[in-house]
Amino acid sequence: MADLYQVSPLSSEQRVPDHAKSSSALHGDPPAAAATTAWADRKELASAAFERTRMPIVITDARQADNPIVLANRAFLDLTGFTSDEVLGRNCRFLQGEGTSPTAVAEIRAAIERQREANVEILNFRKDGSPFWNQLHLSPIKDDEGGLLYYFASQIDVTKHRMIQSLEASEHRLLMEVDHRAKNVLAVVDGIVRLSKADSAPLYAAAVQRRVQALAVAHALLAERGWRDVPLDEIVSRQVAHFASGRTAMTGPEVLIPAVVVQPLALVAHELIVNAATHGALAQDTGRLQVSWQAAGHHGGFYLRWEESGRRKAGSPPGEPGFGTTMVNAIVQKQLQGEILRDWTSDGLKINISIPGTAALSTAKGA
Ligand SMILES: Cc1cc2nc3c(=O)[nH]c(=O)nc-3n(C[C@H](O)[C@H](O)[C@H](O)COP(=O)(O)O)c2cc1C
């Protein structure tokens, strides 16, 4: 018992009201298992257990005004950082602070008013002001007639546990996002494989392969950027570089493209450059490409002008649009809610593309 008195100085007569010194009507909970010899020492052993357990525990006196703490063990003082003098005689609400949920407090208040048990997770603060999540368990201790004498409470610091739970939740969200994005890409690849056309099997294989590679380039860009916004010029220049480096000029301010729009836009740039290099101005040595843009509309919105020039032969609109053109139109108009206008001039193809930005995002996400 000496240890207990050192931590919680109950020897002070002022702190121990007469009615609380002992209550003949209070018999406590019998242990689940007790040998006769231990039962004889049960009071001393109960005190030792109270003091030595690593579980923070307080007992409040329900018969005193405002239910003050009358016993607190070492583990409680260690958890909260307060001394015994600083906790004895006080209501436990001193552990609450800014950010403590009024709903959680109301739940505890209601349980105490009804003399019921309560289990509540509540944000509390140590003496040094640091917060911790307290898994509070409260239960009334009554006399043999059912009169309320004390309240027992244990407090477990579940801060780490909650942190792990929230990490697990964000990991789960991340996995769902990866799953969603993988499905999107697979749907695009499925479309490429089904709809690509070529005169022979090797040409078909090459057409599918270069489109899948274009997706892979966009994927690498997204991975480098941590799946956050990517500047428009990087998306376009990585697709264009392979076909027309040295013959391309790109100008425009920084426009950040939301991650979800990067792969569709990369496919658009890819189809346009392949078309320019095989049928358009860049198919000839004199051909040049100028890509310019400016921000417009919402976040990620822009106007882009694609100007091929230096073509010697007069251009004419192709007859039936191929899969590349169909795909570009579908991505710009349907997926990104934008517009695309083509003008076949004698000098080369000119294209105006406008993308409204975040307005298109929800559609693109659901694509
Ligand atoms: C035995 C006991 C222990 C308590 N321990 C805590 C605690 O660790 N943290 C806390 O925020 N509230 C604790 N409370 C709750 C507050 O003391 C108080 O009852 C609660 O804030 C609701 O009452 P109020 O609205 O008057 O503040 C405890 C209550 C009792 C009876």
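**Exercise 1. Work out which residues of α11 and α12 meet, and how the two helices cross.**

Step 1: Let's list the contact, counting two residues as touching if their C-beta atoms, placed from the backbone, lie within 7 Å. From α11 come P264, L267, V268, E271, L272, V274 and N275, and they meet G324, M327, V328, I331, V332 and Q335 of α12. Helices here are DSSP runs of H or I with at least four residues, strands are E runs of at least two, and both are numbered from the N terminus.

Step 2: Sort by class. The contact has 9 nonpolar, 3 polar and 1 charged residues, where Ala, Val, Leu, Ile, Met, Phe, Trp, Tyr, Cys and Pro count as nonpolar, Asp, Glu, Lys and Arg as charged, and the others, Gly among them, as polar.

Step 3: Now the geometry. The axes of α11 (residues 259–278) and α12 (residues 323–335) come within 9 Å and cross at roughly 145 degrees. Axes are lines fitted to C-alpha atoms, for helices over the stretch in contact, with angles from 0 to 180 degrees between N-to-C directions.

A note before going on: this is a predicted model, in which local features need pLDDT of at least 70, side-chain atom pairs count only at pLDDT 80 or more, and totals for chains, interfaces and linings use all residues. Residues are numbered from 1 along each chain as its sequence is written.

**Exercise 2. Describe how α10 and α11 pack.**

Step 1: Helix α10 (residues 232–244) packs on α11 at about 25 degrees, with the axes 9 Å apart.

Step 2: The two helices are therefore roughly parallel to each other, a label for angles under 35 degrees.

Step 3: I235, V236, Q239, V240, F243 and A244 of α10 make the contact with V262, L265, A266, A269, H270, I273, V274 and A277 of α11. By class, this gives 12 nonpolar, 2 polar and no charged residues.

**Exercise 3. In the open sheet of 5 strands, what is the strand order, and which strands stand at the edges?**

Step 1: The order reads β7-β9-β10-β12-β11, with mixed pairing; strands pair if DSSP finds at least two bridges between them.

Step 2: β7 (248–251) and β11 (339–344) are the edge strands, each with a single partner, so one side of each is left without a neighbour in the sheet.

Step 3: Look inside the sheet. Strands β10 (residues 302–309) and β12 (residues 349–355) run antiparallel and are joined by 6 bridges. Y303 has S354 in β12 as its bridge partner.

Step 4: Finally, place the helix: α12 lies across β11 and β12, at about 140 degrees to β11.

Technical notes:
Angles under 35 degrees count as roughly parallel, over 145 as roughly antiparallel, 65 to 115 as roughly perpendicular and the rest as oblique.
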